[in-house]
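Open the model in your viewer and keep the selection tool at hand. We will go from one stop to the next.

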Amino acid sequence: MAADGAVNMLYPCLSVAALQTLCFTFCQFKKDNSYIDVMWSLSFLLPNYMIIGAKMALNQPIDGRTWAINACLTLWAVRLAYHIGMRHTGEDYRYVSLRERMSTRGQCCYYINAFLLIFMLQAGLSLAVNYTVMKVTAVSSLQTFAAATAASSAQSLLWTDYVGFGLFACGFLFEVIGDSQLTTHIANPDPEKGKFCKTGLWRYTRHPNYFGEALLWWGFFVIACGVPKGYVTVFSPLIITLLLRYVSGVPLLERKARKHPEWAQYEAETAVFIPWFWDKDAVPKQQDNFVNPDDKAAQEQTQSKIN
């Protein structure tokens with residue numbers, strides 16, 4: 001930490017790479033790279049905790065915004081890690097496919113490729129998405145107490161904080177409720193329930209958990225706009241939104257879902273990402289790549305959350 005109280009972000013960033021290196025070692029011992037999905041959200045906590053720890057070690061005061069945003073981050077991270085960990089039953093099909101392709105040139109090449117293209121790539125993405133919270137953790141207290149010194153009073157929270165925390169709450173509830181409704185649907189033994197969840201939030205968006213995830217990160221960004229140059233972290237929510245909507249989230253799941261005969265109608269009548277009213281009169285597109293409609297595993301794999 002510099003003499004003026006500014007945080008050196010190098011060590012918090014390196015801590016994420018170190019954490020993912022440990023995760024890589026564990027996953028190779030278990031022969032299951034899916035455990036990285038559990039580590040995804042937890043990797044957001046370490047760099048922020050390190051920044052707070054460094055400030056406390058120097059007896060620097062921590063403001064309310066910093067404590068509040070890190071409490072929200074911790075709530076999100078622990079809940080998501082627990083949710084993913086509880087449903088883990090073996091290596092996910094994505095990592096099985098990657099393992100097979102990376103092993104074609106030998107085990108050594110597999111280890112190198114897996115370390116760089118799975119674990120270090122996820123470490124980089126974690127830092128990029130997390131940077132908006134790290135910015136608040138590093139800068140907010142300096143701003144708050146500098147203003148207090150100048151004006152003899154501190155305005156800890158701004159209107160951007162109230163809007164941001166409100167967006168976080170809405171996004172977090174969307175994610176939690178969506179995951180809960182899907183779990184209930186999958187566990188329902190009623191043969192008439194249909195293969196895809198069409199009740200609750202799933203009636204208004206095909207991916208309420210992904211939408212909630214994106215929304216809560218936009219909430220964090222709005223909070224960051226209350227600190228100096230916090231607006232430059234707009235790339236953080238943009239990255240997670242684009243990943244979920246166009247790369248590793250929606251496209252992967254819907255590519256599998258389109259093979260099921262019930263999907264076409266659900267796709268036609270329900271919004272893909274941003275919630276909207278469902279269209280009961282929608283006409284589905286013709287689908288010719290079906291799987292066995294009694295394949296429960298296919299449905300669960302299709303609508304489960306991927307990270």
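This is a predicted model: local features need pLDDT of at least 70, side-chain atom pairs count only at pLDDT 80 or more; totals for chains, interfaces and linings use all residues.

Residues are numbered from 1 along each chain as its sequence is written, and side-chain values use heavy atoms, without hydrogens and water.

**Stop 1: aromatic rings.** Select Trp40, Phe44, Trp76, Phe168, Phe172, Trp217 and Phe220; they form one aromatic cluster. Rings of Phe, Tyr and Trp (its six-membered ring) pair if their centres lie within 6.5 Å; planes under 30 degrees apart count as stacked, over 60 as edge-to-face and the rest as tilted. The structure holds 19 aromatic pairs. One of them, Phe168 with Phe172, is stacked, at 5.7 Å centre to centre and 15° between the planes. Both residues sit in helix H7 (residues 159–187), four residues apart. Now pick Trp217 and Phe220: this pair is edge-to-face, because the planes stand at 70°, with centres 4.9 Å apart. Both lie in helix H8 (residues 208–224).

**Stop 2: threonine 132.** Find it in helix H6 (residues 107–151). Threonine 132 is buried, at 0% relative accessibility; buried means under 20% relative accessible area, exposed over 50%, partly exposed in between (1.4 Å probe, protein chains only). Beyond neighbours within four places in sequence, threonine 132 contacts Trp217, Phe220, Phe221, Ala224, Thr233 and Ser236. Contact means heavy atoms within 4.5 Å.

**Stop 3: leucine 242.** Move to helix H9 (residues 235–247), where leucine 242 lies. Leucine 242 is partly exposed, with a relative accessible area of 43%.

Terms used:
Helices (H or I, at least four residues) and strands (E, at least two) are DSSP runs, numbered from the N terminus.
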